[in-house]
Amino acid sequence: MDKNLQDIEDLFKEALENGEEQLPPRVWNNIEHVLDKDSLVNIKKKYNSLKKLAALLLFLLISFSIYELSKNHDTGSKKEGDVTAKDEMLKSANDKMTVEKRHNNLKKQFDPGRGPNTINKNTGSKNYFSVLANQEKVMSKNSSDVKTTRIFHNNYEDKINLKKFGTVKDEPMLNAKDDRQIDIQLQYSGYLNLPNEKISKIRLDSIKLRSPLALIKLVSSADTKKAQEKNKKLKDRKTSPFSATIFFSPDLASYHLEDDKDDNQPDDASTFHKKETHDLSSTSGALIDYKLNKRWSLQSGITFSNTNITLHPKTIYAQVDNTGNIKYRINASSGYGFVLPSFSINPNVGDSLYVFTSTHDLQYIGIPLAIKYNTIKGNFNFNAFAGTSLNFLIKSTIETLVEKGTDNEVEVLNKLRGLKRIYFSALAGIGMEYGLNRKFALVFSPTIRFALNSINKNAPVKSYPNSFGLSAGIKMGL
Amino acid sequence: MEPYTQLIHACINRDRYSQNMLYKLFAPKMFSVCLRYSKNREEAEEIVQEGFVQVFRSLHNFKFAGSFEGWIRKIMVYAAIQYYRSKSKMHPVINIDSLNTEETGSENIIAQLGKKELLKMVQQLPTAYRMVFNLYVFEGMKHREIASLLNISEGTSKSNFFDAKKILQRVVTNSLKIAKPNY
């Protein structure tokens, strides 16, 4: 065999190593198609991540709401009772003697051998004076539903819960002798259901009984049935700081356009103002309010906005697109796209087509965050709010009719180029809520929204959409 | 510094124009590579297509350490192997002994045959032989590496390479005599 044939691999390597072959255009088209699909999958993945995040936030929100509700359930409501209790306590306190006078009396009563100056309140002196001192705090403060009265006693130790008038937990422990102090939790609202004279008895007489057990018995002897009824009413009045609102808002949309100097397209802002008309758009969504205090609350949630724009008939021209192919370019205020009607397969740059009225649709998912100031007048809650929103593009289409003699062709652009995936907007408005009952309220709220940055880049113009909407919805306390 | 750094970064950011640029830069060379691994142009186009999709998908993994062209080429080769792995098993179905063997005394054998003809000869090799021949000759891989890559034994790799050579020798001989190979 010839030597060349023996080392035939070298001959093949030499001949075929550095070859180049041209590919048909369909290969790139197929690759582009796959990459487009990949982009869609990536977007879906991103949305899935957002969905997961939203679900997690919702879960945390619900968990927190349940925690808050259960906390309120345990401690009872105080809102409307607070003022009355405070007043009654103060009245009771003023009826006979000042707090200081009572302190002195008690000091004499329980420790007659010692003068007033010998008692050290700050160090928690171990006598019944501490009970009174703490109870006075209970009566003069409204910071929480349950107050712990600490009795310093030499013989008992346990935490006794006096919820619902004398429900004593671990009563056997009460008899266990120990040299440590004892804590008694008194349900603040419980006092409200006792006649004034009993309040004073609790405060004064119980202290004379040298046993916490006597104090418990005294409270237990109250009219529990009546008290429980009142308690129930009070509990019913308690509200969660969370509320949810579902709303729909027809919007009057418009935009502010700025010429993009980097773009060489003939269409400018004034052209688009003349050749585009906004149709009725809408925003809908679900919002969660978190009440920070009586006046202020935070609002967030999710919104879906749909903006419709009509593009007036115009002539479009063939240009080289991003992939080097020649297609007809349609410009809109928010972006652009290329179409290649079936009847115009190989256009030259500069060739023109006439397109009839086109419809342009933009859809966004928004995550707003706003702060709200509330003023309550009877069943009405008037509020004003302001905030910002992060908006994610989910759809951008142009549907147009291209002229082809007597037989026209519909072209649909499903993804406009030049649009940013995310933009920020600000929102502000005033609102009115009418409470139907303790759970539900009707909501009416005129709102303005305006973009903080342009929704597009590398497009003929920079577009800043804004809208005025009249949202109506229903609000539900959680 | 990799000369295509900017282009690569733009492609990582899914800039379609840059992706097209990158494709236009490397597609002709890669198509030539894929043609050697495939039976015909159509299959080579499919391999190139799949290869470039993989390139764009895994571009963020490129470390800018070696030759970018070499990195793309490697992806194309893997795409070719994967293509035939998914199509059918790469077992040769040819009887080497049945091939006509005639010697030639020509000193400039390859020069007498065109590149297209030589490519066609490689393409006509059974898939398993073609893979081993390409990996050994053009990619410079050892039989151990080829065996590991194709999931065959080292002995099989050597045997396939030997058989591929034998076929090519006979086909070249026949071609020089303007005779069709009879397999």
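## Close-up views of a predicted model

**View 1. Asn458(A) is partly exposed, with 13 other C-beta atoms within 10 Å.** A residue is called buried if 20 or more other C-beta atoms lie within 10 Å of its own, exposed if 12 or fewer do, and partly exposed in between, with C-beta atoms placed from the backbone. Everything shown here belongs to a predicted model, where local features need pLDDT of at least 70 and side-chain atom pairs count only at pLDDT 80 or more, while totals for chains, interfaces and linings use all residues. Residues are numbered from 1 along each chain as its sequence is written, and chains are lettered from A and ligands numbered from 1 in the order in which they are written. You will find Asn458(A) in the loop between β16 and β17 (461-477) of chain A. Helices (H or I, at least four residues) and strands (E, at least two) are DSSP runs, numbered from the N terminus. Although Asn458(A) is not a glycine, its phi is positive, at about 55 degrees. For background, most residues other than glycine have a negative phi.

**View 2. Phe64(B) also has a positive phi, of about 60 degrees, without being a glycine.** Look for Phe64(B) in the loop between α3 and α4 (68-87) of chain B. Is Phe64(B) buried or exposed? With 12 other C-beta atoms within 10 Å, Phe64(B) counts as exposed.

**View 3. Strand β15 (residues 422-435) of chain A pairs with strand β13 (residues 380-402) of chain A.** Strands are said to pair if DSSP finds at least two bridges between them. β13(A) and β15(A) are antiparallel and share 13 bridges. One bridge to follow leads from Phe385(A) to Gly429(A) in β15(A). β15(A) is also joined to strand β16 (residues 440-451) of chain A, again antiparallel, by nine bridges. Here, Glu433(A) faces Val443(A) in β16(A).

**View 4. Some stretches of chain A have a pLDDT below 50, among them residues 76-100.** The pLDDT is the predictor's confidence in each residue, from 0 to 100. Chain A has a mean pLDDT of 71, and 61% of its residues reach 70 or more. Residues 76-100 of chain A, with pLDDT below 50, have 36 contacts in the model beyond near neighbours in sequence. Residues 176-223 of chain A are below 50 too, and this stretch has 108 contacts beyond near neighbours in sequence. A contact here means that the C-beta atoms of two residues, placed from the backbone, lie within 7 Å. Where pLDDT is low, the predicted coordinates should not be read in detail.

**View 5. Chain B has nine helices and zero strands.** Of its 183 residues, 34% count as buried. Among contacts in chain B between residues at least 6 apart in sequence, 68% join residues at least 24 apart.

**View 6. Chain B meets chain A through 38 residues of chain B and 28 residues of chain A.** On the chain B side, α2 (16-37), α3 (41-57), α5 (109-112), α6 (115-123) and α9 each supply at least two residues. Which helix gives the largest share? That is α2(B), with twelve residues. Sorted by class, this side of chain B has 19 nonpolar, nine polar and ten charged residues. Here Ala, Val, Leu, Ile, Met, Phe, Trp, Tyr, Cys and Pro count as nonpolar, Asp, Glu, Lys and Arg as charged, and the others, Gly among them, as polar.

**View 7. Helix α7 (residues 127-137) of chain B is largely enclosed by the rest of the structure, because eleven of its eleven residues are buried.** Among these buried residues are Tyr129(B), Val132(B) and Phe133(B).

**View 8. Helix α8 (residues 143-150) of chain B packs against helix α9 (residues 154-176) of chain B.** Axes are lines fitted to C-alpha atoms, for helices over the stretch in contact, and angles run from 0 to 180 degrees between N-to-C directions. His143(B), Arg144(B), Ile146(B) and Ala147(B) in α8(B) meet Glu154(B), Thr156(B), Ser157(B) and Lys158(B) in α9(B).

**View 9. Ser157(B) sits in helix α9 of chain B.** Ser157(B) counts as buried because it has 25 C-beta neighbours inside 10 Å. Leaving aside residues up to four places away in sequence, Ser157(B) touches Val132(B), His143(B), Ile146(B), Ala147(B) and Ile152(B). Ala147(B) is ten residues from Ser157(B) in sequence, and their C-alpha atoms are 5.9 Å apart.
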